[in-house]
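I opened this entry to keep track of what I looked up, in the order in which I looked. The structure goes in first, and my notes follow.

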Amino acid sequence: MMSAAITTRPPTAPVPHAPAAGGTRRRSRLRQRLELAFLLTPALLLFTGFVLVPIGVAAYYSLYSWNGFGPLTDFVGLGNYVEAFSGDVFQSAIGHNLIIATLSIVVQLPLSIGLALLLNRKLRGRTFLRMVVFAPYVLSEAVTAVIWLLMLQPGGFVDEILRGVGLGGLVQLWLADQSLVLYTLFLVITWKYIGFGVILLLAGLQGVPPELREAAALDGATAWQTTRHVVLPLLGPTIRIWVFLSVIGSLQLFDLVWIMTLGGPANASTTMATYLVDHGFKRYEFGFGSAVAVILFIICFLFALLYQRFALRRDTQGALTGVR
Amino acid sequence: MSRRNTVGYLAAFAVIGVTVVPLLFVVLGGFRTTAQINASPAGLPGPFVWDNYREVATSLQFWRLLGNSLLIAVIATTLAVVLGSMAAFALSRYFFRGREGFYTLFTLGLLFPLGVATLPLYLWLRQLNLLENPLGVAIPEAAFSLPVTIVILRPFMNAIPGELEDAALLDGAAKLGFFWRILLPLSRPALITVSVLAFVTSWNFYLLPLLVFSDSTNFTLPLGVAMFQSEHTQDTAKVLAFTALSMIPALTFFVLAERRMVGGLTGSVKG
């Protein structure tokens, strides 16, 4: 949601004011400087102090072996980074993040598009349906995690429902089976975030002119052909933004995993972020944890830059030239 | 056409089921006893047991969590919106060298999610002596909400016609007076959008308060829900009642703000 606005068009410049005459000019420039300082400085201080400085500090700490107390003396260079990348647990954590990201695109995207197309139709109670689909998105991750933790307990709600409808054979140790836990978590993630994709796509669908569909229908296109060749291409920018947000979200996945499994059993659901918290805080390996934070940051940053450059760029150009 | 709508309604029912059933499980489970839930997890309450809800709703713990969350969210939102709108004003209605540079600096923050920064932030907050302090959570949340606030507000403020500004200045208003009396009131739709975004982000945030607070009297609602669950594993009914009550503020807020949120998002995606 946050980054959706990156593609915002560059603002059009308002008409500059006529320069003030003669001697008042210097005074008005001084005045403008003071006003600018008054307006910009607080935001800049806040942003620098709590967004930029911590990153710099982390990069510095990451070069030391440090338990968080006392002076930094044990300089290890890039040792923390080498240790992180060569560890099995961190490697599998990266793998888990990538699996979640891939599954999101393969499963959630078609599902979101389908739901958005459905909710865009003239069904009775459509407004209510929209509200219902969005509801899980507004719940906090913590509440979602607790709800599903309880529902998925062995012999719990989900198991009883499955047995009740004659699918008892499907009952699993949802959160305790090492080969299953990641996929169970993915289902919970889908439940929680599908509404966000639907919101975005519905907004995108509102930008598809009805005349285009009517024209396609007049030319003899079936409903499916119209959707596939007229509507979906027009949703392109929205879909690309959704993919961006979804991948960034998958890379940072923490809350749900931490509350539901703590990354377990036996690290089967560890993500980069749970690994970071586990090592940085639980084990007081602050130098090492900082290195992991920097790695996570660089991965997100690189993805964001590359994606902006290759996928979102077209959307910005489209916006500039007025073609949507 | 009618066949297509039948499929549509079937799908709609499936969606409602998958979405609502877990929520009903929580709300209705709160009206049962733990023994009943253990015997039949998917059963309905009968007769309704009010004790769980009564105990949670009359506990100091629940209201303290709510209060802490509210305090932090209000501080974070106020800081982000006040400072963000001032900066957006400077970056949209003034002309100076480096203006685009400042703007780019703020937009960089969009690429840099709060979750990633938490460990370094924690160390930084410890140095500033802000651990166990609501400000230690609210200030960083505000800082991380600044980019999106500025990115949404700036184009909005730019779109307000320059003639209005000229007229105000001709009438003798100072530029800051124009900002306060004319631009801000006109920007209200965008201000509401950014406020909602900042508020919800803060309200739901889990990781930063988890690290900043170790004293449970400082906990926010998300932390409290998770803690309550892990401390009362034997009392499922009470956990469900606690969770159900803690869902109410977010759901109410959402019902009230839904239309505006969708509108705001539409704007931000289309640019």
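Which residues of helix α6 (residues 157-164) of chain A are buried? I found Phe157(A), Val158(A) and Asp159(A). I call a residue buried if 20 or more other C-beta atoms, placed from the backbone, lie within 10 Å of its own, exposed if 12 or fewer, and partly exposed in between. Helices (H or I, at least four residues) and strands (E, at least two) are DSSP runs, numbered from the N terminus. Just after α6(A), I noted that Gly166(A) has a positive phi of about 80°.

**Ground rules**

I am working with a predicted model, in which local features need pLDDT of at least 70, side-chain atom pairs count only at pLDDT 80 or more, and totals for chains, interfaces and linings use all residues. Residues are numbered from 1 along each chain as its sequence is written, while chains are lettered from A and ligands numbered from 1 in the order in which they are written.

**Confidence**

I read pLDDT as the predictor's confidence in each residue, from 0 to 100. Chain A averages 84, and 90% of its residues score at least 70. Over residues 1-16 of chain A the pLDDT is below 50, yet this stretch has 41 contacts in the model beyond near neighbours in sequence. Residues 317-324 of chain A are also below 50, with eight such contacts. A contact here means that the C-beta atoms of two residues, placed from the backbone, lie within 7 Å.

Chain B averages a pLDDT of 87, with 93% of the residues at 70 or above. Over residues 264-271 of chain B the pLDDT stays under 50. For the complex I wrote down an ipTM of 0.86 and a pTM of 0.85.

**Chain A, overall**

I counted twelve helices and zero strands in chain A. Of its 324 residues, 41% are buried. Among contacts in chain A with a separation of 6 or more, 68% join residues 24 or more positions apart.

Is Leu200(A) buried or exposed? Leu200(A) counts as buried because 25 other C-beta atoms lie within 10 Å. Its place is in helix α7 (residues 181-205) of chain A. Tyr183(A) is 17 residues from Leu200(A) along the chain, and their C-alpha atoms are separated by 25 Å.

I then looked at Ala215(A), in helix α8 (residues 210-218) of chain A. Ala215(A) has 13 C-beta neighbours inside 10 Å, so it is partly exposed. From Ala215(A) to Thr226(A) is eleven residues in sequence and 9.5 Å in space, C-alpha to C-alpha.

**A helix pair**

Next I took helix α3 (residues 88-120) and helix α9 (residues 223-251) of chain A, which pack at an angle of about 145° with their axes 10 Å apart. Axes are lines fitted to C-alpha atoms, for helices over the stretch in contact, and angles run from 0 to 180 degrees between N-to-C directions. The contact includes Ile100(A) and Leu109(A) of α3(A) and Trp242(A) and Val247(A) of α9(A). By class, the residues of this contact are ten nonpolar, six polar and no charged. Ala, Val, Leu, Ile, Met, Phe, Trp, Tyr, Cys and Pro count as nonpolar, Asp, Glu, Lys and Arg as charged, and the others, Gly among them, as polar.

**Between the chains**

How many residues of chain B are in contact with chain A? I found 83, in contact with 86 residues of chain A. Helix α13 (residues 236-270) of chain B supplies the largest share of the chain B side, 16 residues. That side divides into 59 nonpolar, 19 polar and five charged residues.

I found a cis peptide bond from Gly264(A) to Pro265(A), with omega near -10°. Pro265(A) sits in the loop between α10 (255-260) and α11 (272-282) of chain A. Another cis bond runs from Gly46(B) to Pro47(B), with omega near -5°.

In the loop between α6 (114-127) and α7 (134-158) of chain B I noted Asn129(B). Its phi is near 65°, a positive value in a residue other than glycine. Asn129(B) is exposed because it has 9 C-beta neighbours inside 10 Å. Glu132(B), found in the loop between α6 and α7 of chain B, has a positive phi of about 60°.
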